[in-house]
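Dear colleague,

Please find the structure below, handed over for your reference. A summary of the findings follows it.

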Amino acid sequence: MVEDSRPSWENPMQFVLACVSYAVGLGNVWRFPYLCQMHGGGGFLIPYLIMLVVEGLPLFYLELAIGQHMRQGSIGAWSAINPYLGGVGIASVVVSIFLTIYYNVINAWSFWYIFHSFQGTLPWVECPLSSNLTTYVPECEKSSSTDYFWYRETLNISSSIEDHGGIQMGQALCLVLSWMVVYLCVLRGTEATGKVVYFTATFPYLVMIIYLIRGATLHGALNGLKYMFTPKVDPKAWIDAATQILFSLGLGCGSLIAFASYNHHNNNFEKQAIVVSLINSGTSIFASLVTFSIYGFKATFNYESCLDRMQLLLINTFDLTEDSIKTDHLDDWISHLNASFPDKFATISSQIEGCDLKSELDTAVEGTGLAFIVYSEAIKNMGLSQLWSVLYFSMLLMLGIGSMLGNVAAIITPLRDSAFLTRHFQKETLTGMICLFCCLVGLSFTTRSGNYWFSIFNDYAATFSLLFIVLIEIITVCYVYGLKKFEKDIELMIGHRPHWYWKITWSVISPFLIIGLFIFFIADYIMNGTPTYQAWDSDLGKTVTKEYPPFAQVVIGLLLVTSMICVPLVALITFIKKKKEQAKESKRSTKVC
Amino acid sequence: MLAKVLLALSLVPALALALCQPDGQDAYNVRLSIKTALGANAYEWSESEQFLFRATLAFAMRQYTGQETFNVSSVIVCDETPRVSFWFVVTNPSNTATLIPKNTVEAAIRLSRNRINSAFLLSDKTLQFLGIPPTLAPPSQPSLPVWLIVFGVVMGLVTVGILALIISGFIERKKKEKTIEDEDEEEKQERIMENDISCQTLEGKNGVNNGAYTHDEDRLTQL
């Protein structure tokens, strides 16, 4: 037998960094701070940490164990555990395909912002002028220069999902570049990405530390931090904590299984699982500190600009000397002037804004809104904004690429395990074909309505299906494969049986939690009726809520069904195959007699 | 005679005042925000500063119309407030009872806006002529957008990297194939492994000498 051993990581550190690079992604930066703020800082951290220990850690450990033991990608691994449930592996690959298709668009946006930071003044600082050079473009004046740059100059977004528009050249070019970068990293095989992850895993931390130091010195940062830690009582915090842990660790996609399959048989993954999970959660909290310092700065800046505007308005209307009104006594002045000169005051009463710091802080956003609008607004008011801009968007890029490497590994590893494909295609060609396919499909996200489709994929492609996959995974391992058998496998690998804590969480607590989440999701969907989305209205200069049209709802349904149906489908096919084999066997045995 | 002259003299300012009316048809409102613009270096608004303003405006009228008859006296100011805002009108030098129409004044100011601002160390935002929008600076549009240049550089680097990796992988594979072709039967046997032990060591040779069971020179006892 000619030895052709499975490629492996050069050292365990590369494996750990690959897992960290995959798990620590954009969700840590733009979803966790939002949740933290929604549920009031301290009020959210406690459910989050509890869920980490009872749900996140055990499931992470489980996936690494499976990968390292089976030494195959998700399809091969689950087929080996139980041929009827090989569909779980296929479902993971399908979800990973959806994920890779839409996730790289975010990297394209990061590239776009990085390239546009190499200018004298950042392009989102000022509104562009209208054609007669006397006023600013109305859409920009109604919203803000950062909104305008994002919605109009970057996305060129249409007013609804039905309005397709053409492919935006700039976006398409950046998407192609992003795919080329991903291909460059995975070209020589997943195990060769071990060198890349040294950089993608560590660079974001460097930037976050720099930002933390800068953020702490920004005027008004403390306001943001104080706000983050003011607790609000909210029962939904537990549900958000549970879902956040699950998705943040990247469970169910098959990437962890793929990475672990390249480990040596005796690698101590138990310690590594704990380390990576803790690093992931720690990063989320760290990122929140940075984000809230920036929030505080932006909110304070806007609040003080509002006060300055009001001061100017009053001074100009009532012709008072410039420094007569101090901004801290603004409210007193307003009431005084209103009482003394009611007629004159009435002329400007429509322009009087209530300047409120808290309402500025309350404008919490998540997702692309936070990353590309709020942060760029904060950056434009910092000194040396080009440098901060390049640093920040490079960090987003590294986080995104790190996660993409995991997603692509989840697809390529099971495909390369298949002897048929390896015989006919070189690994570079196979990888190239997958990247090309995903890139071409991904171009649909660069059309004018692309961002709406992106939201559909972001909200539905890898949420509910992943819950389903993880549930089936844990039930398969505990009850179909058998906990005792699994324990023995682990003992063979790391030399001791898993602690009873792991066994309890695997068999009872985690499945219970996931079933609970499942029920909640279904109930939520039924209660909320037709799903809606935020469409950008260029005349009003803000987003409006619209309902998804029927074809979009069909796509949502397809996204959910195509991945989940693999499990029962494969079970059925295997059942039929086994039945046919049994029938053939019995025919043969009767023939012999 | 003296009385007539005195009457005429007293009438002039009255006439002037009559010509300059806030919200008048040919009047403009000016607003200066000196403290906002200069902070600690702000100067006090005084009669002399007012004089400078009227002179600068007369200069602007001269530049625009080409008539060198405009003088400081052609510009009349009224309704000054502590805000430092006031109204002004420009009278026709040939007929001091009539006013220069609004459009002409506006055009003149627009032409020399920069000079007027510089005289007071202010800008379009801090020296406001209400009703005349500031001329916004058009953004500089380079011939090729800058971002494309950076994009091109990065794209080039990535392409070179991909090609290098593909070609080196190809070369490695060719070398490996060649060594496999070149090696003869003997070497191929060496490569075949069973249980991580090369088969050759188990078969062809005469076994492995186990040092633990070999005595050195002690086979025969010494005499």
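In which helix of chain A do Arg588(A) and Glu585(A) both lie, and how many residues apart are they? Both belong to helix H26 (residues 566–592), where they stand three residues apart, about one turn of the helix. Glu585(A) counts as partly exposed, at 47% relative accessibility. Please note that this is a predicted model.

Salt bridges

Over all chains, a search of the whole structure finds 12 salt bridges. One of them joins the side chains of Glu487(A) and Lys503(A), at 2.8 Å from N to O. This pair links distant parts of the chain: Glu487(A) is in helix H23 (residues 464–494), Lys503(A) is in helix H24 (residues 500–528), and 16 residues separate them. Glu487(A) is buried, with a relative accessible area of 6%, whereas Lys503(A) is partly exposed at 23%.

In chain B, Arg110(B) forms a salt bridge with Glu106(B), and their closest N and O atoms are 3.5 Å apart. About one helical turn separates Arg110(B) and Glu106(B), because they are four residues apart in helix H4 (residues 102–111) of chain B. Arg110(B) is partly exposed, with a relative accessible area of 33%. Glu106(B) has a relative accessible area of 19% and is therefore buried, the cut-off being under 20%.

Chain B

Eight helices and seven strands are found in chain B. Of its 223 residues, 29% are buried. Chain B exposes about 15200 Å², of which carbon and sulfur atoms supply 57%.

The interface of chain B and chain A

The contact involves 36 residues from chain B and 34 residues from chain A. Between them the two chains bury about 3100 Å², and 66% of this lies on carbon and sulfur atoms. One salt bridge is found across the interface: Arg173(B) pairs with Glu428(A), with the closest N and O atoms 3.3 Å apart. Strand E1 (28–32), helix H2 (34–38) and helix H6 (146–182) of chain B each supply at least two residues of the side that touches chain A. The most comes from H6(B), with 17 residues. By class, this side of chain B has 21 nonpolar, eight polar and seven charged residues.

With kind regards

Notes:
Residues numbered from 1 in each chain as written. Chains lettered and ligands numbered in written order. Predicted model: local features only at pLDDT ≥ 70, side-chain atom pairs only at ≥ 80, totals over all residues. Heavy atoms only, no water. Buried < 20%, exposed > 50% of the residue type's maximum accessible area, 1.4 Å probe, protein only. Areas by Shrake-Rupley, 256 points an atom, 1.4 Å probe, with all protein chains shown as cover. Contact = heavy atoms within 4.5 Å. Buried area = accessible area lost by both parts, 1.4 Å probe. Salt bridge = Lys/Arg side-chain N within 4 Å of Asp/Glu carboxyl O. Nonpolar A, V, L, I, M, F, W, Y, C, P; charged D, E, K, R; others polar.
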